[in-house]
Amino acid sequence: VLAEKRNLGSKDGPPHLVAVVPLHGAAAACDAALRLLQSQDAATVRGEPGGAAGFALLCPRLKQRWRFVVAQAGDLHAVLDLAKVADSLLFLLDAAEGWDSVGERCLSCLFAQGLPSFALAIPGGTDLPPKKRIDAKKRLTKAIEKRFPEAKLFPLTTAQEASLLLRQLGAQRQRPLAFRARRAHLLAYAAHFVPSPESHLVGTLKVSGFVRGQTLSVNSLVHIVGHGDFQMSQVEAPPDPLALNPRVDKGRKRSQDMDVQDDSQNGTDEMEEDVKVLMKADASKQESLQSEVIPDPMEGEQTWPTDEELQEAEAALKANRKVVKVPKGTSKYQAAWIVDDEEDTEEDDDDEEEDDDMDDMMEEAASQEEEGSEEEEELVEEECETVTVSECVRDEHYDEKMEEDEEQMLERYKQERMDEMFPDEVDTPRDVPARVRFQKYRGLKSFRTSPWDPKENLPRDYARIFQFQDFSRTRKHIFRQIEKEEPEGALVGWYVTLHICNVPVSVMESFRDGRPLVLFALLPHEQKMSVLNFLVRRHPSNNEPVKAKEELIFHCGFRRFRASPLFSQHTSADKHKLERFLRPDAALVVTVYAPITFPPASVLLFKQRSNGMHDLIATGSLLAVDPDRIVVKRLVLSGHPFKIFTKTAVVRYMFFNREDVMWFKPVELRTKWGRRGHIKEPLGTHGHMKCHFDGQLKSQDTVLLNLYKRVFPKWTYDPYVPEPVPWAREETVPLAQDVELE
């Protein structure tokens, strides 16, 4: 631990990466804070290549180097991506209000994802009079204690205070984040795109940065956050642009460590080229990009029919043959189309004549309408003139759109309320027999103890995914290899250039726009698809109903993707009941098809609004990768006692025909007041049935019949997540009113 702390920011380790996050809308204060941090004695300041917001600070006297990157609190993806790789976060607060609504949302997301080491600073002074300044500081301290217990607040108004803040950032204990500690990762310092000869839309992306976390192997896959998984062709060692002592030839030292030897004796140019290339990918050891299994539809077992079955088939064909009188020379195929009934042919001819007459009438009417419409258009063009319309008139359909949205939201609220009052209850259809409508459902003697085969009636999508024989053992084995073995590759702290193959040009365009480019090396199997289960809890800030199978945005560890999940209860049993809505009062399990990720890993669930903004609806962690987890949907059919005797009763309105009563006779009944029973016999032909219970029913009781069916998630995985619209800052409430913060 001491060695890691000493290496961070030193000449042998990566620069201390600090993400600056202003939690208030005062941008001028943020610029002033950055200028104070740059005004250190005997320190060299270097700007970010490409004009990105940030700078590098080199202090040879302190033997420390920092890299500061600025992320606006309203830019959700930039903040979360930088927090994935940053060593420390520097939160800039307002002296009077602390943070605004956007800062509050940003903090909620960062706490849910995993907060690295942080520091709180108040740049600039305040406009409050001296008497109220002390009270404002007390209220701000009280609010900070709720969000950040035992956190120290640093003023940032002079160069000396900036120096103290830098010492605190360099000396404080580093908080480990499990999902990044076991994977090599880096934040791009520079990037260059080389188009491929076949297409200018795809090419090789050369990304330069400092290796962090673990040793980076060229044969492993890399995940570019927000863009997908890719392979590397080679790793180079360019000169360190942030070296504390530029005179040291680090490239030569690395070449000795990597056993790169130069066999040429004809000049220095070839030697320099050999020194620059650290590793090249080995095709036999390189990880594959295959993420799905290609199912073979002919893989199932096939049997050849026996002689008896062939004879039965021929006999059935002979029985179905009919004798028809046909003209000479007619083939069997033509004869099959000849109809025996002459009356049918006459009726068909009459229908065809009527259809022809109707077609002629419709064509005449259409031609008359076209002529009339052309005359009307000419009159309108003569009478009309061009008028410039102001932009405010364009919002004519605002009420219509709002009315549709409100009606949909109201319908969701009603469904959620009905599901709370009458969980899983459905009305028995009257137009379709219940034995047909619910033919995929089954009854269970006990939901907890009745067996259910996890390999029974699997969907076709299960042929595309990967499954571990023992997921926990595989995970422990991979983590043990990371701790004990020392793989060949670029060590932590090295400045390297990665050649990433077949990267779309949109990645480079995103980097040019100033967005952070974050790379993570994947562990074995993490590019393959499987069924992931997340344990989440609804976020208190979300009050809108969230229905199962709605499209949500997942931020899982270092990945983000879109999918339509299933919700189910979190229990220790082997079967888990499906939930139709995300419950606000309980933790639920979310099930989706997604690439394998080894826990621990945090997960954030967002829902996209119609205006493009992302709302945080739930937070949690990755539970397991388990396709055998059984999610069961329950349906409850309800009936009402018509006549009540001692332990028997006549029940109606559960079914509406005699056959349905006989079909569901083996299924056990229960009532809302705790009675249990079974169907004895049907009465009449309208669905009445005689039932026997373990006690006398009450007249206000309801008879229930439970049916179950296993459900599976839909294959809706989409790795592309559009950039969200930045959060709008609402009117802030000053802390003087003692607002209860979350």
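Me: Which residues does F91 touch, not counting residues up to four places away in sequence?

Reply: Contact means heavy atoms within 4.5 Å. In this predicted model, F91 touches V21, L23, L107, L110, L115, F118, A119, L120, A121 and F148, not counting residues up to four places away in sequence. Residues are numbered from 1 along each chain as its sequence is written, and side-chain values use heavy atoms, without hydrogens and water. As the model is a predicted one, local features need pLDDT of at least 70 and side-chain atom pairs count only at pLDDT 80 or more, while totals for chains, interfaces and linings use all residues.

Me: Which residues touch the most other members of the largest nonpolar core?

Reply: In soluble globular proteins, nonpolar side chains tend to be buried together. A nonpolar core is a set of buried Ala, Val, Leu, Ile, Met, Phe, Trp, Tyr and Cys residues joined through side-chain atoms within 4.5 Å; buried means under 20% relative accessible area, exposed over 50%, partly exposed in between (1.4 Å probe, protein chains only). Here the largest core has 48 residues, and L89, F91, L110 and F148 touch the most other members. A second, separate core of 38 residues includes F471, L582, V590 and L622.

Me: Is F561 buried or exposed?

Reply: F561 counts as buried because its relative accessibility is 1%. Its contacts, leaving aside neighbours within four places in sequence, include F534, V592, Y717 and P719. F561 and P719 are 158 residues apart in sequence and 4.4 Å apart in space, C-alpha to C-alpha.

Me: What is the mean pLDDT of the protein?

Reply: pLDDT is the predictor's confidence in each residue, from 0 to 100. The mean is 80, and 78% of residues reach 70 or more. Over residues 375-395 pLDDT stays under 50, and the model has zero contacts beyond four places in sequence for them.
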